[in-house]
Amino acid sequence: MAKRIVINNEARETEAQFIQQLAAELDLPERGVALAVNNKIVPRATWPDTAISEGDSITIIKAAFGG
Amino acid sequence: MTPEQKRRYNRHIILDGFGSEGQQRLLESKVLIVGAGGLGSPCALYLAAAGVGTIGIADADTVSISNLQRQVIHFSEDAGTPKALSAKDKMQRINPDIRVEAYPTFITAENAPDIIRQYDFIIDCTDSFASKYLINDACVMLGKPFCIAGIVAYSGQIMTHVPGSACYRCLFPAPPPENEVQTCSMVGVLGSAVGTVGTLQATEAIKVLTGIGSPLTNAILTYDALTVQFQRFDIQPNPNCMLCGSHPSVTELQEYSFQPCRKNTKE
Ligand SMILES: [Zn+2]
């Protein structure tokens with residue numbers, strides 16, 4: 001069943017059960033991005049076990065090099 | 001403090017929680033700012049004005065006209081001058097009471113430990129992943145607190161580290177590959193937005209040095225200028241971090257050759 005979530009402030013539906021599946025759906029690169037669920041960073045190693053719940057707010061943070 | 005210092009720093013001294021003690025700590029502190037660009041400019045100006053007793057400012061570049069849109073410590077007539085020297089000049093003019101050490105050289109794996117060791121707090125104001133990882137790694141290895149920030153286009157990010165708290169590699173284990181990073185001259189950057197983030201870095205340094213408030217540790221703050229959203233995310237120190245974890249694989253400093261903003265930036 002599709003869940004309604006928010007990704008970087010945009011509403012979206014996903015069939016993904018776990019963050020790992022969502023990351024694949026979004027085609028997130030291997031390096032240089034971090035991901036937070038409800039304002040907590042989820043380390044990449046735990047993406048396969050982190051379940052997505054209805055209403056979750058997910059933020060993808062790209063490492064910024066400029067200065 | 002001399003009567004002149006008491007006058008100069010009066011607005012700090014009368015601050016609740018800051019006082020003469022806080023100011024005295026700043027006067028006795030040594031801060032290293034790596035990068036005298038968009039982040040480093042406001043950061044250096046504020047820390048000089050605040051009376052941080054010794055400030056190191058490192059940058060190997062010279063001032064070019066395309067820097068002036070955001071690097072407010074440099075003036076039009078400084079074009080061609082090494083940024084470290086141009087910055088030192090302004091800092092001393094704002095506050096002759098402090099000592100400024102200019103390093104007009106690249107910070108490398110070779111010289112980083114000797115330079116960083118002399119300072120109490122390090123601020124990464126660089127414009128490349130190479131330098132950010134180098135500073136992160138060197139500071140964690142030396143047990144030095146630091147603040148790291150970055151910005152691209154309209155949005156920036158900042159985090160502070162003290163020994164034991166999450167490091168940059170806990171969040172971003174390794175730099176992205178070269179072909180996935182756009183260069184500065186490709187994306188541009190809003191000058192005033194960089195200034196906001198650089199000013200936040202100066203405030204973090206002052207807080208850690210004086211002990212006021214709580215620093216931005218185990219967290220990353222993101223700032224989006226277009227929507228005016230400041231968002232704070234909690235980070236747990238990663239027990240498997242390749243640098244600060246229990247079985248680190250990064251045990252000595254390495255050079256990262258890729259420096260996106262050192263390419264295509266010469267006019
Ligand atoms: Zn770490």
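User: How do the axes of helix H4 and helix H10 of chain B cross, and at what angle?

Analyst: This is a predicted model. In it, the axes of H4 (residues 40–50) and H10 (residues 191–210) of chain B come within 8 Å. They cross at roughly 35°. The crossing of H4(B) past H10(B) is right-handed.

User: Which residues in H4(B) and H10(B) meet?

Analyst: Take each helix in turn. H4(B) brings Pro42(B), Cys43(B), Tyr46(B), Leu47(B) and Ala50(B). H10(B) brings Gly195(B), Gly198(B), Thr199(B), Gln201(B), Ala202(B), Ala205(B) and Ile206(B).

User: What does that contact hold by class?

Analyst: Eight residues are nonpolar and four are polar.

User: Now helix H3 of chain B. Which of its residues are buried?

Analyst: Buried is taken as under 20% relative accessible area. In H3(B), residues 19–27, that applies to Gly19(B), Gly22(B), Gln23(B), Leu26(B) and Leu27(B).

User: Why do the buried residues of H3(B) line one face of the helix?

Analyst: Look down the axis. The buried residues of H3(B) fall within an arc of 140°, so they line one face.

User: What covers the buried residues of H3(B)?

Analyst: The cover includes helices H1 (3–8), H2 (10–13), H4 and H10 of chain B.

User: Is Tyr119(B) buried or exposed?

Analyst: Check its relative accessible area, which is 2%. The cut-off for buried is under 20%, so Tyr119(B) is buried.

User: Which residues does Tyr119(B) touch, leaving out those up to four places away in sequence?

Analyst: Tyr119(B) touches Lys30(B), Val31(B), Leu32(B), Thr54(B), Ile55(B), Gly56(B), Glu101(B), Tyr103(B) and Lys144(B). Take Thr54(B): it is 65 residues from Tyr119(B) along the chain, yet their C-alpha atoms are separated by 8.6 Å.

User: On to confidence. What is the mean pLDDT of each chain?

Analyst: Chain A has a mean of 96, and 100% of its residues reach 70 or more. Chain B has a mean of 94, with 94% of its residues at 70 or more. The model scores ipTM 0.95 and pTM 0.95.

User: Where in chain B does pLDDT stay under 50?

Analyst: Over residues 263–267 of chain B. The model has seven contacts for that stretch beyond four places in sequence.

User: And which elements of chain A have the lowest and the highest mean pLDDT?

Analyst: Strand E2 (residues 10–14) of chain A has the lowest, 96. Strand E4 (residues 40–41) of chain A has the highest, 98.

Technical notes. Residues are numbered from 1 along each chain as its sequence is written. Chains are lettered from A and ligands numbered from 1 in the order in which they are written. This is a predicted model: local features need pLDDT of at least 70, side-chain atom pairs count only at pLDDT 80 or more; totals for chains, interfaces and linings use all residues. Side-chain values use heavy atoms; hydrogens and water are left out. Axes are lines fitted to C-alpha atoms, for helices over the stretch in contact, and angles run from 0 to 180 degrees between N-to-C directions. Helices (H or I, at least four residues) and strands (E, at least two) are DSSP runs, numbered from the N terminus. A crossing is left-handed if the near helix is turned anticlockwise from the far one by less than a right angle, and right-handed if clockwise. Contact means heavy atoms within 4.5 Å. Ala, Val, Leu, Ile, Met, Phe, Trp, Tyr, Cys and Pro count as nonpolar, Asp, Glu, Lys and Arg as charged, and the others, Gly among them, as polar. Buried means under 20% relative accessible area, exposed over 50%, partly exposed in between (1.4 Å probe, protein chains only). The arc is that of the directions from the helix axis to the C-beta atoms. pLDDT is the predictor's confidence in each residue, from 0 to 100.
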